[in-house]
Every structure is written in structure tokens, then in C-alpha cells.
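Please look over the sequence and the model shown here before reading on.

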Amino acid sequence: MGHRTAASQSTAPEAAQRTGQAAKSAAAAGSRTSGSGHAERVFLVQTAFAELGGSAHGPGEIAEFTGLDDSVVYRILQSGIYQRVFERVDRGLYRLRTSAAQLAFTALDHRLDGAQTVLAELREASDNGLVFLYMVAPFSGAQRQCVDMAVGDSDLAELGMTPRDVLSVTRSLRTGASGRTILAYLPEVLQQRVLAEPVPEQAGPGVYRDNDALLASLAEVRDLGHALGYEECMAGWNSCAAPIMWDGAIMGAVLLLKQKTVMPEAPDSVIEATKEAAAVLSRHGAAGPAHS
């Protein structure tokens, strides 16, 4: 299948335990502060909805995850309903309102300015490779979507990339270098959701079909800071991808794609150029003033 990884991955229970411990540590820190304590607890509750996955959760589940007292969580949820941050969907179950998504879109505004220039520079540095910018899909669960590309005058249809490929294969996070790059940095609960999905029928011969091998590849992505794909999405195409991180969270990936006959192995120069492009886009989205 062309897999080239030897890394190991911690088990799902261990990762979940680390996530819960981190949340509880933050909760304890929040309880020791005075002026900012309440705000930190509110943020913990908001984060819990994203980390736990699923559409709705009860106060007890959120309290267990965050380490906060049930009564504290309940008061935050009730206040959040009034502030239009949360909504009650059933007896004892709550979820984030769509206004939370609107805040996210506002936060993303202008963060991708100049992306086309970055992608074009990577295309030039890789000797006319095909460059794509994938971001986490906001309304499609744990999936990705292509938001920009630098392909020059290339006709993607003539290169064998059909709309079906883009919609059904490259959207999955378990296929391709960019999909695995994003998946490597997602919370454990979302990783498990992706691993439960079937492999797209149109995937290439190098796609990871064994979940243990896929998990091992994710550990390697985190260790190296990039992923290499060998005919994962389509036969005859190899790839290199690097993560775009904003404020410590995975937001997307830069993907460099070249035909296998031209790039049987990604040279160090291509890997470094891809990682630099992703680093530049990560700096664009970082909090605080821009750095040169």
C-alpha cells in the first residue's frame, strides 16, 4: 500500500485521560483566581462542547469533563442561554448556538489575506507542483474543504482530478497527506469519529485501510511536522502536507501534489518549502500583532 511510517500512537483512553486532566487542571487554576476565574470557567464549558463532540450534552457530562461543579456548569449554561451562546435542545441537554459559528467566522476574517501569494511561491519552489489550501470544514463534521489553490494553467480534469474526487475522496480526513495532517491534531473524540468512517471507494491504492497503521502515521505527523502521501487519494500522485495552526488549534493544511513519475520521493527542499508555506499561513492567523 506504500505506507512509510514506523511511529507509534498512544491509545485512545490515554489520550482522552490527558485531555480530561488538562481540562481539570485548568478548572482548578480558574478556581484559584478571583477576577478572571469566572471567565475561565465559562471558556472551559464552551471548549467542552467542541472537545466532547456530538450535538448536545448535559451539565453532568460537561462537569465531569471540565472538573467543574455541576451547579457551576448549570449556572453558566443558563446564563449562556440568555446571552444566546447556548440553547436547550431537550430536557437536560444543551448545545452551542449558531451564533458561536458566527463569532468563529468573524475571527477568521482577513486571516487568509495573502494566501494566494504563499501558495504561488510554494508552486514555484517545488518546480510547478500543484498546491492546495485545505481548511477544516465548519459545517461538515470532521472533514476538510479546499478553499484556494495554485495550479497555474494546469487543467485538473486532464490530470485525472474529477469533481467526484474532490467531493468524495479529498474531503475525508483519513485519506491523503493533508487529511492525515489535519486529523493528527484534532481532539481524540474527532479522530475516533473519522476512524469509524469507511475508506472512500475512489481512494488511491496507497490509502491507509488499517486503523492501527493510520494512527501510527498520525503520531509521525506530529513528530515530524509534516505528512508524506504516496498515491493515497489518486493513483499516480504523491504529496506532502504541513499543518496550519492558529492559536494552538489545527485549522487546515497546505498540500503539495506532484505526479509519482516526477516525485517518487519528496525531496527535503519540497518538504521544507511546504512547511514554510504552512508556517507563514499559521503566522497570519496567530493572535496578536503580525510578525515579520
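The sections below describe the sheet and its helices, a hairpin, a helix pair and the cysteines.

## Basis of the model

This is a predicted model, in which local features need pLDDT of at least 70 and side-chain atom pairs count only at pLDDT 80 or more, while totals for chains, interfaces and linings use all residues. Residues are numbered from 1 along each chain as its sequence is written, and side-chain values use heavy atoms, with hydrogens and water left out.

Helices (H or I, at least four residues) and strands (E, at least two) are DSSP runs numbered from the N terminus, and two strands pair if DSSP finds at least two bridges between them.

## The five-stranded sheet

An open sheet is formed by 5 strands in the order β4-β3-β7-β6-β5, with antiparallel pairing. Because β4 (144-150) and β5 (227-230) stand at the edges with a single partner strand each, one side of each is left without a neighbour in the sheet. From one strand to the next the twist averages 25°, where axes are lines fitted to C-alpha atoms (for helices over the stretch in contact) and angles run from 0 to 180 degrees between N-to-C directions.

Within this sheet, β3 (residues 130-136) and β7 (residues 249-259) run antiparallel and are joined by 6 bridges, and Leu133 stands opposite Val254 in β7.

## Helices on the sheet

Helix α8 lies across β3, β4, β5, β6 (237-246) and β7, running at about 160° to β7. Helix α11 (residues 268-285) also packs on the sheet, where it touches β3, β5, β6 and β7 (contact means heavy atoms within 4.5 Å), and its direction makes about 25° with that of β6.

In α8 (residues 176-184), 9 of the 9 residues are buried, so this helix is largely enclosed by the rest of the structure; buried means under 20% relative accessible area, exposed over 50% and partly exposed in between, with a 1.4 Å probe and protein chains only. Among these buried residues are Arg180, Ile182 and Leu183.

## Hairpin and helix pair

Strands β1 (residues 86-90) and β2 (residues 93-96) run antiparallel and are joined by 4 bridges, with Phe86 opposite Leu96 in β2. Their hairpin has 2 residues between the strands, and Gly92 takes a positive phi near 80°.

Helices α2 (residues 37-52) and α4 (residues 70-82) pack at an angle of about 80° with their axes 10 Å apart. The contact is made by residues including Val42, Val45 and Phe49 of α2 and Val73, Ile76 and Leu77 of α4.

## Cysteines

With a disulfide taken as a pair of cysteine sulfur atoms within 2.5 Å, the count comes to 0 disulfides. Cys146 is partly exposed at a relative accessible area of 28%, whereas Cys233 counts as buried at 12%.
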